[in-house]
Amino acid sequence: MTFPIMPSHGERRRTLNKAGFFLSAATGAMLMASGAAAQTSSTPAPAPSPAPPAATVPPAGADTPIVPDSQFQKELPALDPDLSKPLEPLSTFQGPAPATAKPGQPAAAAAQPAPAITPAGTFPPVTEPADPALTDPLTPIDQFQLATPAPDAKAATDAPPPVIRYTVTIGGLKQIGLEGRFRSLSALEDGDGKATNGAMVSARTKEDELLAVRLLRSEGYYDGTASTTITQVPDAPGRLAVTVTTVPGPRYDFGQIRIQGAETNPAGIARDALKLKTGTPIVAADVEAAEANVRLRLPQQGYPFVDVGQRDVLLDPATHVGDYTLPVDPGPRSTFAGFTTEGKLAFDAHHVGVLARFKRGELYDSRKVDDLREAMVATGLFRTVAARPERTGQTAPDGTEYVNIRVHQEAGPARTLSGTAGYNTGQGFRAEATWEHRNLFPPEGALRITGIAGTQEQSLVVQFQRSNAGQRDRTLLLQAEAGRQDLPAYRAYIARLYGLVSRTSTPIWQKVWTYSYGAELVASNEDEKNFPKISITNAHFIAGLIGQVGYDRSNSLLDPTKGFRIGLRTNPEISLREPTKPYVRNIVDGSVYYPATDSLTVAGRVRVGSILGAKLSDLPPSRRIYGGGGGSVRGFGYQELGPKDASGTPTGGRSQIEFSLEARYRFGNYGIVPFIDAGQVYDSPYPKLSGLRYGAGIGGRFYTNFGPLRADIATPIGRKKGESRIAVYVSIGQAF
């Protein structure tokens, strides 16, 4: 908001209110600033009208009348005595006598007939029209023909009016850094130097004159003025020169800055939030931002019902200083009480409390209410959802007032039919279709059926998932799947039962600790060369447990620029057929992020994997460790990295080690990421550092509000026969 103030050098102090009016402290008169400040050189100010002569007034309290009553009555004229006579009855009333002819005047001239009176409800007779066509019957509408007049040949050949062209010169704004802003908002500049007539140029010029004054005042130049001139360019008909001249004058700075209203607890919350400093220029954008920060910060610190009033700025033209006062009513200091919900419900108030990250008795914080609303939106169950505090009038033990959170729900469609399709150089074509009911078993109990058809996989998956199961972001997943896999390392028919309880990070709430635990049962027919027959006799039956824990100290889930992450996954498994040898699959991941500059982040990753307790030949191909792909060593296809048999088929291994190094350079919403990866898969149960293979490439990033879109292209260094020349990877989020 700008501060349109008209300077008046005859006054000592001036007050500026929020509505943009100038209030004289000496006279108390309000003056509209924008109309008085803009001065046009061709429009002089009107001269003041002469004062009227003063009237003579008798002294107060005099008892002598101006005119005595006796004199007043005497001067009144006498009344006609006939006015007091009674009126004659209407039946005997006679009109005036007929006029008699004067001497020398014919009698016919004196006797004039009375005008004819038409009785009520009748009309005077209509005389016959002079045009007989008016009495002819109308032509039937189906025979009526409309004759269109021929176009005016002269009008068709008239040339369009000439266009007025003009140039714009601006003076006085460049020196204070406002010329660019002026041109971006200018009506003259928006017209591209062309107008239909001179009146349009004049109107644009007047608008820009007022714009210049508003810009000056928005930056603290309250005594600034602007004037404009329009001149005809010599020897150039139809061309005008427009000049906008400004005189900024002195710039006003903040003097005293004061918050007016009840004090907060702790004291000074409002003043700390008002980021204005004495001695700095009075800039409108800074004032608005500071006041908005007060409205934001107080609800975050226990004051949900804060009311920020109209600012008052008292300007002193002698010192060019403005004293600033802001009325702030913080309202009652409040703590959370409970929840109420209304509208078309997807779930009840109890489940709303599961999603909330605050408890009864905690100090009110608007950020936690916003987080609750975002968590409800993330369920995907609502068309709209709103959450706001409501006063209860109840006092908490600490003296604060309890507030309820009223949640308004408008449940949306719970069923979704979706599909995806894509191509990956390592995995080929893949299409996926899903039907889902997100709230079949309230609250948030979803049933999902997915069909997958692709070059390497064809399967059917049925899932039951309960999100926020008794705790925010805790998920219960039960899954059954059956399918056919045609991978570089093996061909298989696999059926799987799977159960998992997990608590993971989300873009709304990134957690330091995450975990998951569960169990699975797998039955498969597998072969490294050809598709086997589906046979229970030759099938592998594996039972296992799942355990995973993560520790995250990075600053972002999808685009970290500093911090580190560590993850550990362990899977104790056992074959249910002879020989029943147990073994443990372990994987440790670690990554670190270092901000070298504001636009460059160096990121590194290491992964170590191991299978302990079983020989390679005792493990089904699907339970071995493989390398290569977008989440492994880029440049190599999926499962292409590691030991291979004589025919070039990957055999997998029992251990692995991987390294990655990236330089993530960002400019605006785009980024370039050169990278190098290294790794290898080994037959031994413990990884080594020998025989490492390398892949290198470059990636592009497009940064969005939900995370970067990643596209990487890589090639293996020292490529061998059968290995891909180039691999392309596309996903959401960084590689690690």
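Colleague: Let's start with Tyr 490 and Tyr 626: buried or exposed?
Modeller: Tyr 490 and Tyr 626 are both buried. Keep in mind that this is a predicted model.
Colleague: Okay, and how many aromatic pairs does the structure hold?
Modeller: There are 15 aromatic pairs. One of them joins Phe 347 and Phe 382, with 5.5 Å from centre to centre and 85° between the planes, an edge-to-face arrangement.
Colleague: Where do Phe 347 and Phe 382 lie?
Modeller: Phe 347 is in the loop between β12 (334–344) and α10 (349–355), while Phe 382 belongs to strand β13 (residues 382–395), so their pairing ties together parts 35 residues apart in sequence. Both Phe 347 and Phe 382 are buried.
Colleague: Back to the tyrosines, then. Why is the pair of Tyr 490 and Tyr 626 called tilted?
Modeller: Their planes are at 40° and the ring centres are 6.5 Å apart, so the pair counts as tilted. Tyr 490 sits in the loop between β19 (474–486) and β20 (491–503), and Tyr 626 in the loop between β25 (600–612) and β26 (655–667), so this pair ties together parts that are 136 residues apart in sequence.
Colleague: Nice. Which residues do ring pairs link into a cluster?
Modeller: Phe 336, Phe 339, Phe 358 and Tyr 364 are linked that way.
Colleague: New topic: what sits over the ring of Tyr 402?
Modeller: That's the charged end of Arg 360, 4.2 Å from the ring centre.
Colleague: And what lies over the face of Tyr 703?
Modeller: Arg 666 does, at 4.0 Å from the centre of the ring.

Note on methods:
Residues are numbered from 1 along each chain as its sequence is written. This is a predicted model: local features need pLDDT of at least 70, side-chain atom pairs count only at pLDDT 80 or more; totals for chains, interfaces and linings use all residues. Side-chain values use heavy atoms; hydrogens and water are left out. Rings of Phe, Tyr and Trp (its six-membered ring) pair if their centres lie within 6.5 Å; planes under 30 degrees apart count as stacked, over 60 as edge-to-face and the rest as tilted. Helices (H or I, at least four residues) and strands (E, at least two) are DSSP runs, numbered from the N terminus. Buried means under 20% relative accessible area, exposed over 50%, partly exposed in between (1.4 Å probe, protein chains only). A charge sits over a ring if NZ of Lys or CZ of Arg is within 6 Å of the ring centre and within 35 degrees of the ring normal.
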